[in-house]
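Take a look at the sequence and the structure below.

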Amino acid sequence: MADASTPDEVHSSGESETEAAPGVVMERFSYDDAIVRQFTLATVVWGVVGMLVGLIIALQMVIPALPLDPKWTAWMDQPWLTFGRLRPLHTNAVIFAFAGNAIFAAVYYSTQRLCKARMWSDKLSKFHFWGWQGIIVAAAITLPLGITQSKEYAELEWPIALAIAVVWVAFAVNFFGTLAVRRERHMYVALWFYIATIVAITILHVFNNLAVPVSWTKSYSLYAGAQDAFMQWWYGHNAVAFFLTTPFLGMMYYYLPKAANRPVFSYRLSIIHFWSLVFIYIWAGPHHLHYTAIPAWMSTLGMLFSLMLWMPSWGGMINGLLTLRGAWHKVASDPVLKFFVVAITFYGMATFEGPMLSIKSINALSHYTDWGIAHVHSGALGWVGFMIFGVVYWMLPRLYQTPLFSKKMMELHFWIGTIGILLYIIPIYVAGITQGLMWRAFDAMGMLAYPDFVETVLQLMPFYWVRVLGGVLYMVGMFLLVWNMYMTWRARPATYDVPVYEAPRLNRDYQDAPLPPSRLANAPVTGWAKKIDILNQMRWHRNWERLPVKFTVWTFIAVAVASLFEIIPTFVIKSNVPTIETVTPYTPLELAGRDIYVAEGCYNCHSQMIRPIFAETERYGDYSLAGEFIYDRPFQWGSRRIGPDLHRVGGQYSHTWHIRHLIEPKSVVRGSIMPNYPHLMRTEIDFDILSRKLRVMRMLGAPYTDEQIENAAGMARTQARMILEEIAEQDGEDAVPPGLETSQMIAVVAYLQRLGIDRYRPEDEPSPLEVVLQRLEEEETERMARHGAE
């Protein structure tokens, strides 16, 4: 069996002579389905894991509200099982493990057949598979340990992010190498979407993950505050676009026509759909930041392009559904087509809702609520999940070379999964709208109708329970797939048949036939009439389809140009992030506390961004300004509020209140569903790394002095003692818990007490850094004096 890179050459002779023109070189080849089987197995295994973690965190939202004995909920107090640490594990497992492996399985299967060539390198295919599984395992270990960048969909720390880049490049080389040795002249539409995926994800991953390492497990983003927020949602929105949309549209264009045995409805619509989607999608990220501290022009631009995005998105949906014209009778009897139809329908719903949610007035209600969670899961469970199930079920008999074990079980999976989706998203849509309305409700006296945030949380418990039921049903469907796949695998032949195919070598000098006469007129086609006719027939695109390098370059230009139009003004125009004189860097202890806050995943429940909306300023205080976040690496604005906003929490509560709240939230907030954090009292601060952290921060622009960097550990210990003194003064000596002085608890408290107060500090007052350093120097002077007296 020959590799595609060195194919056997068979000159026309004997029987082949009648099939090939004289002089045509015939080549024999076979497809590598072993790699497809591996990625398919990984898809199903990681799908179970990711959804199981999702079910666990859904239960964590409702169990604390039950009147249970603490011994039954003690497992949730384990640091690695808290909601803040498990939610990123769930999203990464579902997106990059479940959907990622499905993408690779589908791409490897379809690309070989669309190119009539084996993948360019079997070794790269294997490296890609094992490298990707290694990355997933690394994520499954590090995220529960609190090792995270805290950027949504990009939480993995720099060594793993670097490994992702290496493995992704290996995949890209293998894919483009296969295009180079293909035996099919024109690239089919599915390959266009695969190209866009590879190009865009490369750009997004590299630029969003630029960071300076502090250690093997910690780094600080190259961007800060509002700029970091923009870069994150430029990445976050387009990760959905180019990891959960374009590759799945490519899968739709290949597997739906195969399953239906029908051609794609419109070739021209696929061209318009592809290029408009690739160009417009990349602009839309800022709609995730409406009414935040980013410039208004950026937010408005994101909204406008999001609205335009509706049209090309529905172009893909229409092209998919109309491909079934004349074949709708098959949908009734074929569960694979049922999965595809529902998936495409959910794609249409999600891509209508997304532009709608980008409208500022609607976003003011929906943002930070569970509406966003419902929107995401309608796309994830409906579009991505059902497309994967359809593709996997279609491939299983072909990969294992035996009939599927049970078509009835596949049908049952479809109906249980569909009901599960509806039971998940409908109550969460209601919960999100309920949240938004309760947050902005005022009574007849002009006061907040629900001033206690926890009231709005407890109101949602019935909806959260229905979501758990929906998740259980979806999970049951997943187990049906596992069993069906296992039983099909058991019936496989002892040795897989590896068919050998024969096709002519691609003639690189081939030229398309001359243009036919114009349909616009009987006169000869020249000048502008010829140009119009070429556009009419899409002949220019047919030329591009046989030039993968040119096609890729134009795809890169479409993505890069749209990105640069937003990125360059954001970083170059200083007025986009006006500074505030009284905003200064964090003290070493506060920085340590902030890093612990990030590690615990507090951003998954709490925002740090008060929008200029009356209901929010009444509830939380003055709205946030961009200049308040210039030393925040990474930004912590969040995307959801299960707990209240924390940007103005500094000085609002005593140190003792924060300690009690972190150890056992219910002891100070009746009805709280926040996890307990007693381990913060048991875990000590790593004082030795603080100097390195300050040094890296100075490299990134924070004005730390040499003295502050050298004395970082001493300053942290000094500030801890200052907090202990304040606790003793306010609540008595007995209120100081043993071991607090060196625990992570005191660092988190120091950070929380700093939030949102710099803006109000008089300019003639010393900064917290200066106060702590001065206190350290005083202590050193006293110590030296005592030492001299002795």
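In this predicted model, the protein exposes about 32,500 Å², and 64% of that area comes from carbon and sulfur atoms. Of its 790 residues, 59% count as buried.

The C-alpha trace spans about 110 × 60 × 60 Å along the principal axes. A compact globule of 790 residues would have a radius of gyration near 28 Å, and the protein, with 29 Å, agrees with this. The chain forms 29 helices and 5 strands. When contacts between residues at least 6 apart in sequence are counted, 82% join residues at least 24 apart.

How confident is the predictor? The average pLDDT is 91, and 93% of the residues score at least 70. Among the elements, strand β1 (residues 8–11) has the lowest mean, 34, while helix α4 has the highest, 98. Residues 1–18 have a pLDDT below 50; in the model this stretch still has 36 contacts beyond near neighbours in sequence.

Helix α4 covers residues 122–142.

Which residues of α4 are buried? They are S125, H128, F129, G131, W132, Q133, I135, I136, A139 and T142. An α-helix has 3.6 residues a turn, so residues three or four places apart point the same way. The buried residues of α4 pack against α1 (34–60), α3 (83–115), α5 (158–180) and α7 (225–243).

Key: Residues numbered from 1 in each chain as written. Predicted model: local features only at pLDDT ≥ 70, side-chain atom pairs only at ≥ 80, totals over all residues. Heavy atoms only, no water. Helix = DSSP H or I, 4+ residues; strand = E, 2+ residues; numbered from the N terminus. Expected span 1.5 Å × (residues − 1). Buried < 20%, exposed > 50% of the residue type's maximum accessible area, 1.4 Å probe, protein only. Contact = heavy atoms within 4.5 Å. pLDDT = per-residue confidence, 0-100. Rg over C-alpha atoms; globule rule 2.2 N^0.38 Å. Areas by Shrake-Rupley, 256 points an atom, 1.4 Å probe, with all protein chains shown as cover.
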